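Take a look at the chain shown here.

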Amino acid sequence: MWTIGLSGGIGSGKSSVSLWLKKQAIPVLDADQTVHRLLSEDHPTIRRIAQAFGQDILDHQGKINRKALGTKVFDHPEARKLLEEILHPLVKGKMFSEQMALAAAGEKLCVWDVPLLFEAGFNSSMNEVWVVWVTPEIQVERVMKRDSYTRAEAELRIKAQWPLEDKIKLADIVIDNSGTWENTVIQLENILARIKKRMGI
């Protein structure tokens, strides 16, 4: 099975690319959804995180309140590192199991949609890595518009991630999403056609 790691930065448009791929009937494994399931349904993970960060991060149903957890780890590098050390191996294991199920069902291609692809080291397990890129100014503007942040708030959240310029140096494919969506789709169609031809699908 050919695996593609899809990443980008906040406001780059990675989610739009991921949605487009799903509409082309390409299986997409979503790291954010995997984290959400772990934090709401996986009792050993919930217990472990509550032990690490305190029982006050649990809601009245015993699930993790992501906002409360986020408050404890955002802008606290050591706390964020601890959370990532707990979650990243679990997320990778769950997604790999999903990939194996897809392969057993006859799928030849799948995409791992992982915001922290490089930070978590998942890129080393991929056959090919795509990064969705936009200019720094467009990134700030989109984050401000999408989340109703001030410029300072948007820049703070962007700085919490690896810079896009560093990610594109490690990418096999860079998707320029700074222009129109139609232009982005043309790039995606060409990239996907190349892969399908090579894979014979």
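The paragraphs below go from the whole chain to single residues.

Start with what kind of model this is. It is a predicted model. The chain averages a pLDDT of 93, and 100% of the residues score at least 70. Where is confidence lowest, and where is it highest? The lowest mean, 88, belongs to helix 7, residues 151-159. The highest, 98, belongs to strand 2, residues 28-30.

Now trace the fold. The chain holds 9 helices and 5 strands. Begin at the N terminus and follow the order: β-α-β-α-α-α-α-β-β-α-α-α-β-α. The radius of gyration is 18 Å, close to the 17 Å that the globule rule gives for 201 residues, so the chain is as compact as a globular protein of that length. Along its principal axes, the C-alpha trace spans about 50 × 45 × 25 Å.

Of the 201 residues in the chain, 40% are buried. The accessible surface comes to about 10800 Å². Carbon and sulfur atoms own 54% of that surface. How do the contacts link up the sequence? Take the contacts with a separation of 6 or more: 71% of them join residues 24 or more positions apart. The chain has 27 positive and 26 negative charges, and their mean positions are 3 Å apart.

With the overall picture in place, go to helix 1. This helix covers residues 14-23. Ser 18 lies in helix 1. Is Ser 18 buried or exposed? Its relative accessibility is 3%, and the cut-off for buried is under 20%, so Ser 18 counts as buried. Look for its contacts beyond the neighbours within four places in sequence. They are Leu 6, Val 28 and Asp 113. Of these, Val 28 brings us back to strand 2, which covers residues 28-30.

Lys 23 is also in helix 1. Its setting is another matter. Lys 23 has 63% relative accessibility, so it counts as exposed; the cut-off for exposed is over 50%. Now look for Ala 52. Lys 23 and Ala 52 are 29 residues apart in sequence, and their C-alpha atoms are 39 Å apart in space.

Move on to the loop between helix 1 and strand 2. Ala 25 sits here. Ala 25 is not a glycine, yet it has a positive phi of about 65°. Its relative accessibility is 61%, so Ala 25 counts as exposed.

Helix 3 comes next on the tour. It runs over residues 43-53 and contains Ile 46. The relative accessible area of Ile 46 is 5%, so this residue is buried. What does Ile 46 touch, once neighbours within four places in sequence are left aside? Its contacts include Leu 38, Leu 39, Ser 40 and Glu 41. Leu 58, Gly 62, Lys 63 and Ile 64 are also among them. Ile 57 gives a distance to check. It is 11 residues from Ile 46 along the chain, and the two C-alpha atoms are separated by 9.8 Å.

Now find helix 5, residues 77-104, where Phe 96 lies. Phe 96 has a relative accessible area of 44%, so it is partly exposed. From Phe 96, look across to Ser 148. The two are 52 residues apart in sequence and 35 Å apart in space, C-alpha to C-alpha.

Stay with Ser 148. It is found in the loop between helix 6 and helix 7. With a relative accessible area of 66%, Ser 148 is exposed.

End in helix 6, residues 136-147. Arg 142 is here. At 29% relative accessibility, Arg 142 counts as partly exposed. How far is Arg 142 from Ser 12, in sequence and in space? They are 130 residues apart in sequence, and 7.9 Å apart from C-alpha to C-alpha. Arg 142 touches Ser 12 and also Gly 11.

Key. Residues are numbered from 1 along each chain as its sequence is written. This is a predicted model: local features need pLDDT of at least 70, side-chain atom pairs count only at pLDDT 80 or more; totals for chains, interfaces and linings use all residues. Side-chain values use heavy atoms; hydrogens and water are left out. Helices (H or I, at least four residues) and strands (E, at least two) are DSSP runs, numbered from the N terminus. The radius of gyration is taken over C-alpha atoms; the globule rule is 2.2 Å times the number of residues to the power 0.38. Buried means under 20% relative accessible area, exposed over 50%, partly exposed in between (1.4 Å probe, protein chains only). Contact means heavy atoms within 4.5 Å. Accessible areas come from the Shrake-Rupley method with a 1.4 Å probe; for residues, only the protein chains shown count as cover. Lys and Arg count as positive and Asp and Glu as negative; His and the chain ends are not counted. The place of a charge is taken as NZ of Lys, CZ of Arg, CG of Asp or CD of Glu. pLDDT is the predictor's confidence in each residue, from 0 to 100.
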